[in-house]
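Please read them with the structure open.

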Amino acid sequence: MLRFLYVIIMNLFRAPYIIPWMRYEADHPERFSEKKRYELNRHAIRIMCNTGKITTVCYGKENLPEEGGYIMYPNHQGKYDALGIIISHDQPCSLVMDIKKSRSILVREFVDLVQGKRLDKSDVRQAMTVIREVANDVKAGKRYILFPEGGYEFNNKNQVADFKPGSFKSATMAKAPIVPVALIDSFKVFNSLNFKPVTTQVHFLKPIPYEEYKGMKTLEIAQLVKKRIEEEIAEYTF
């Protein structure tokens with residue numbers, strides 16, 4: 001939390017121009033390409049990382065499918081998770097986010113620049129609509145980040161909670177590759193009381209093609225993805 005406040009305070013002088021800039025591009029996708037809007041988000045993340053002494057090391061980019069849409073399923077550790085993935089993922093991608101957490105200033109701009117989906121966990125009908133919309137987007141070649149834990153614990157020390165089976169419905173509907181993503185030490189950025197320079201890791205694991213999981217129930221898929229992420233985290237932490 002201290003680092004989060006520090007980053008905000010140290011970048012207050014930038015807010016009057018960068019937030020309206022992000023808002024303008026987000027509101028005019030007909031004028032600014034998906035790539036252009038995505039790079040603006042990455043530019044803002046780089047500023048934040050430089051200010052907050054944050055380094056993110058990426059592994060496994062070669063595992064990402066070169067063509068077509070897919071859904072990335074990472075473990076969830078804190079506010080920095082999606083930012084760490086976006087700064088590591090060169091091609092434009094979008095995300096699904098809790099509607100209550102997506103309305104604050106700057107977060108709103110981040111979500112809208114990538115045309116992210118806002119999920120209302122209390123509204124089953126709205127959630128199903130989002131699931132279908134994501135599936136249709138992925139069929140059309142779009143890439144998404146979707147956190148199957150649905151939330152995170154403060155300072156969780158790389159522990160992975162159970163994955164919600166419903167999170168995988170978009171992938172099964174789209175018959176798309178599932179890319180497990182292992183996040184390591186991401187919780188140290190904004191969800192710990194430490195203010196020392198921090199290095200986080202993003203690991204893109206080998207995709208699970210539809211042919212591999214098509215006969216499985218969503219609960220089984222959730223367990224499979226969680227297991228692969230836990231194994232990767234165990235290999236890189238001590």
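1. Start with Lys226. Leaving aside residues up to four places away in sequence, Lys226 touches Val160, Ala161, Asp162 and Phe163. Keep in mind that this is a predicted model. One of these neighbours also gives a polar contact: the side chains of Lys226 and Asp162 meet at 2.9 Å.

2. Where does Lys226 sit? Its place is in helix α10, residues 218-236. Is Lys226 buried or exposed? Its relative accessibility is 16%, and buried means under 20%, so Lys226 counts as buried.

3. The side chains of Glu231 and Lys227 meet at 2.6 Å, N to O. These two residues are 4 apart in α10, so about one helical turn separates them. Glu231 is partly exposed at 43% relative accessibility. Lys227 is partly exposed too, at 48%.

4. Arg23 and Asp27 form a side-chain salt bridge of 2.9 Å, N to O. They lie 4 residues apart in α2, and therefore about one helical turn apart. Asp27 is partly exposed, with a relative accessible area of 44%. The pair belongs to a salt-bridge network that links Arg23, Asp27, Arg108, Glu109, Asp112 and Arg118.

5. A further pair is Asp185 and Lys188, whose side chains form a salt bridge of 3.7 Å, N to O. Here the partners fall into separate classes. Asp185 counts as buried at 15% relative accessibility, whereas Lys188 is partly exposed at 33%. The count of salt bridges comes to 19.

6. Now the sheet. It is open, has 7 strands and mixed pairing, and runs in the order β1-β7-β6-β2-β5-β3-β4. At the edges are β1 (54-59) and β4 (117-119), each pairing on one side only. From one strand to the next, the twist averages 25 degrees.

7. Look closely at β6, residues 178-184. How many of its residues are buried? The answer is 7 of 7. In a regular strand, side chains alternate between the two faces of the sheet. Both faces of β6 are covered. Ile178, Pro180, Ala182 and Ile184 are buried on one side, and Val179, Val181 and Leu183 on the other.

8. What are the pairing partners of β6? Strand β2 (residues 70-74) pairs with β6 in the parallel sense, over 4 bridges. Tyr73 has Pro180 as its bridge partner, and Met72 has Val179. Strand β7 (residues 198-204) pairs with β6 in the antiparallel sense, also over 4 bridges. There, Val181 is partnered with Phe204.

Notes:
Residues are numbered from 1 along each chain as its sequence is written. This is a predicted model: local features need pLDDT of at least 70, side-chain atom pairs count only at pLDDT 80 or more; totals for chains, interfaces and linings use all residues. Side-chain values use heavy atoms; hydrogens and water are left out. Buried means under 20% relative accessible area, exposed over 50%, partly exposed in between (1.4 Å probe, protein chains only). Two strands pair if DSSP finds at least two bridges between them. Axes are lines fitted to C-alpha atoms, for helices over the stretch in contact, and angles run from 0 to 180 degrees between N-to-C directions. A polar contact is a pair of N or O atoms within 3.5 Å; within protein, one must be able to donate a hydrogen and the other to accept it, and residues adjacent in sequence count only if both atoms are side-chain atoms. Contact means heavy atoms within 4.5 Å. A salt bridge is a side-chain nitrogen of Lys or Arg within 4 Å of a carboxyl oxygen of Asp or Glu.
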